[in-house]
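Work through the exercises below with the structure open. Each task is followed by a solution in steps.

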Amino acid sequence: MTYRCLFRIALLLCFSATALSTSYSLLRFQQRRSINVCQKLLRQLPSTPQHCLEVRMHFQVPEEMKKAQKFRKEDAILVLYEMLQQIFGILTKDFSSTGWSETIIEDLLVELHGQMNHLEPIQKEIMQKENFTIGDSTVLHLKNYYFNLGQYLKSMEHNSCAWTIMKAEMLRNFSVLKRLTDYLLD
Amino acid sequence: MVQSVKRKQGWHLLQCLRKVFSWRASLSWVLEGLGGEANLKPENVEIHIIDDNFFLKWNSSSESVRNVTFSADYQILGTDNWKKLPGCQNTTSTNCNFSSVELKNVFEKIELRIRAEEGNNTSIWYEVEPFVPFLEAQIGPPDVHLEAEDKAIILSISPPGTEDSIMWATDRLNFRYSVVIWKNSSSLEERTETVFPEDKIYKLSPEITYCLKVKAELPLQSRVGYYSPVYCINTTERHNVPSPENIQINADNQVFVLKWDYPYENTTFRAQWLRAFFKKIPGKHSGKWKQILNCENVTTTRCVFPRNAFPSGIYYVRVQASNGNGTSFWSEEKKFYIEMKTVIFPPVISLKSITDDSLHVSVGASEESENTSVNQLYPLIYEVIFWENTSNAERKVLEKRTEFTFLDLKPLTVYCVKARALIENDRRNKSSSFSDTVCEKTKPGDTSKTWLKAGICTALFSIPVVIYVVRLFLRCVNYVFFPSSKPPSSVDEYFSDQPLKNLLLSTSEEQTERCFIIENASIITEIEETNEIDEVHKKYNSQTSQDSGNYSNEDENSGSKISEEFLQQDSV
């Protein structure tokens with residue numbers, strides 16, 4: 001009799017714990033899947049002249065992206081969204097000089113758009129709940145970094161060399177994004 | 001004469017002195033007005049940034065504005081490198097435009113300071129609170145271009161700022177636009193809609209003048225911009241070929257079904273699709289609409305196309321009608337979430353009775369769902385509904401596992417189960433339809449238990465019985481093999497002077513009888529009288545002889561009579 005009772009209590013506890021912990025798990029699942037797809041698509045873009053990568057660019061990569069910084073779940077979502085938004089913005093620029101497949105770029109844009117769509121309602125909730133403002137320095141640092149990328153692309157007249165560097169930066173961004181999804185727990 | 005001259009000279013001197021004093025007074029007044037350096041300082045300095053336009057405004061503390069100029073410097077917070085603010089150097093007005101400042105980074109804090117100058121006098125610096133230009137900037141009015149249809153207006157909105165805008169470079173695609181539209185004739189009927197840069201406002205009436213104004217917003221930053229100027233346009237007259245209406249898209253196994261309403265017959269239709277992300281990008285993307293292959297030149301108000309034509313994502317769909325009279329305007333664009341149309345197939349359930357009070361449930365995927373990517377796209381959980389066949393009380397359980405057990409059931413009862421698959425924690429509450437209902441009876445009432453109980457009861461009752469039987473048996477054994485030494489009372493009396501030994505087993509000595517020969521009867525009586533006191537043994541002997549004689553005598557009467565007499569005498 002006692003065993004049966006204990007078993008039932010254990011089952012109930014397990015279920016409660018699972019129920020409480022799955023509020024972000026669907027999002028995490030989707031984000032990770034999407035990021036994997038994006039990385040695969042990016043790698044499909046043909047490798048461009050290697051000499052382009054020899055140019056050292058200083059885009060003022062935010063410290064938050066470099067180090068393995070710990071994020072609260074809510075901050076992780078805001079940073080995730082901002083990064084997705086900015087990568088989306090870069091990919092809408094003129095890439096005709098590269099000869100890259102429009103289909104691949106469109107597929108990338110679809111994935112990014114889909115991810116942003118999933119994040120939007122949660123982001124709205126967070127901003128309302130915490131009365132959050134974008135005065136947060138992390139977001140401003142990110143905006144500056146992506147602004148520099150955009151300005152560089154423009155200054156190089158969107159040539160293939162500049163896009164090579166963009167591709168390298170975006171691959172790095174996706175690694176950071178993947179790391180951020182680790183915080184989408186509990 | 002001398003007196004008049006003297007009087008005149010005195011008067012002139014007086015006038016001179018008066019002038020001197022008044023000049024000195026005014027000089028001192030001016031000097032007081034200048035108040036030294038403190039009074040030159042600008043006051044209430046404000047920064048106004050609209051898109052990429054930077055303005056500085058202030059008040060001058062001195063009432064006299066002659067020859068007072070103002071100059072401003074700026075630097076990035078934390079550095080010590082004040083630079084001259086372009087457009088705000090030696091300005092006599094109380095505002096300046098420093099848009100030409102080429103800020104490398106509008107996302108970092110900058111400091112401003114301004115001071116007044118008059119000749120060689122300069123006021124102290126008025127330092128403005130450090131600020132982040134991006135956060136301080138206000139969203140300016142967007143540029144709007146309109147095109148009219150009969151029942152709709154096409155909007156082409158350009159984001160605030162120029163295309164080279166530095167302020168909005170990172171947010172150009174994030175703007176949403178709020179449109180307020182009203183009929184020119186009655187401004188009371190206002191309607192507000194949120195639109196994309198390239199969008200349409202529907203549900204308008206033909207041949208009416210509509211006026212509208214647009215403002216840009218950054219909703220996720222809670223920032224709202226200024227309204228554009230009011231634009232007015234006339235809708236065209238009613239088109240002779242109406243547009244299709246009420247577009248619906250439904251999923252049906254491996255296909256999508258697109259349906260719409262159309263009032264007339266003999267019309268051909270075509271449907272197009274667009275990936276939703278294009279809507280975020282300003283500029284015309286009319287070239288991006290693509291034809292849905294199975295929906296070109298269809299004559300019915302529906303068309304069917306395969307699911308794999310549209311990989312997962314968000315799309316817009318529009319339909320156009322054409323007949324002999326011409327081609328209609330495009331219908332309203334219907335947003336279409338593939339993921340919402342994803343069909344989650346119902347699971348397959350199997351139920352097994354293990355014990356009398358539990359049922360084991362196995363949830364499996366149906367054959368059809370094996371091939372779809374739903375399971376890969378989403379983690380699934382199952383909503384299981386469970387009830388006793390005879391009652392209506394249903395128990396609902398959410399289970400992530402595919403194998404689980406229901407406990408605490410009644411034996412020999414039929415229970416039924418049905419389940420559906422859900423996407424775990426999906427805000428849209430997307431689910432499959434319910435599986436088939438499966439029923440199973442629990443095993444009969446706890447056979448082992450009752451046997452055990454019966455066994456115990458039997459054991460309990462049988463123990464005394466067994467004990468009793470054993471005792472009886474032992475008694476029997478004792479009786480047979482170990483008899484009691486105490487003879488019964490009747491036997492006891494009879495054999496009192498002789499120890500009664502085992503008659504059967506031991507061979508006792510033969511009991512010798514003492515016999516007396518009886519000569520005649522009289523003697524007998526005498527013998528008897530004399531022998532009354534004698535032991536019975538002697539009497540016995542005489543009697544015995546008699547008796548034995550009697551017993552052996554054939555003549556019973558005589559023998560018995562004699563014996564009776566003796567016995568009677570003896571008994572006395």
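**Exercise 1. The interface**

Task: Find how many residues of chain B are in contact with chain A, and describe the interface.

Solution. 
Step 1. Counting contacts (heavy atoms within 4.5 Å), 43 residues of chain B touch 41 residues of chain A.
The model is predicted: local features need pLDDT of at least 70 and side-chain atom pairs count only at pLDDT 80 or more, while totals for chains, interfaces and linings use all residues. Residues are numbered from 1 along each chain as its sequence is written, chains are lettered from A and ligands numbered from 1 in the order in which they are written, and side-chain values use heavy atoms, with hydrogens and water left out.

Step 2. Take the buried area, which is the accessible area (1.4 Å probe) that two parts lose on being put together, summed over both. For chain B and chain A this is about 3,600 Å², with 61% on carbon and sulfur atoms.

Step 3. Look for salt bridges (a side-chain nitrogen of Lys or Arg within 4 Å of a carboxyl oxygen of Asp or Glu). The rule finds 6 across this interface. One of them joins A:Glu106 and B:Arg275, whose closest N and O atoms are 3.3 Å apart.

Step 4. The elements giving two or more residues to the side that touches chain A are α2 (133-136) and α5 (374-377) of chain B.

**Exercise 2. The setting of B:Thr442**

Task: Where is B:Thr442 placed in chain B, and is B:Thr442 buried or exposed?

Solution. 
Step 1. B:Thr442 is in the loop between β31 (438-441) and α6 (447-481) of chain B.

Step 2. Its relative accessible area is 2%. Residues are buried under 20%, exposed over 50% and partly exposed in between (1.4 Å probe, protein chains only), so B:Thr442 is buried.

Step 3. List the polar partners. A polar contact is a pair of N or O atoms within 3.5 Å; within protein, one must be able to donate a hydrogen and the other to accept it, and residues adjacent in sequence count only if both atoms are side-chain atoms. The B:Thr442 side chain reaches the backbone oxygen of B:Lys410 at 2.6 Å. A polar atom of that side chain also lies 2.9 Å from the backbone nitrogen of B:Leu412.

Step 4. Setting aside neighbours within four places in sequence, B:Thr442 has contacts that include B:Ser353, B:Asp356, B:Pro411 and B:Tyr415.

**Exercise 3. Chain B as a whole**

Task: What percentage of the residues in chain B is buried?

Solution. 
Step 1. Chain B has 572 residues, and 36% of them are buried.

Step 2. Its elements are 10 helices and 31 strands.

Terms used
Helices (H or I, at least four residues) and strands (E, at least two) are DSSP runs, numbered from the N terminus.
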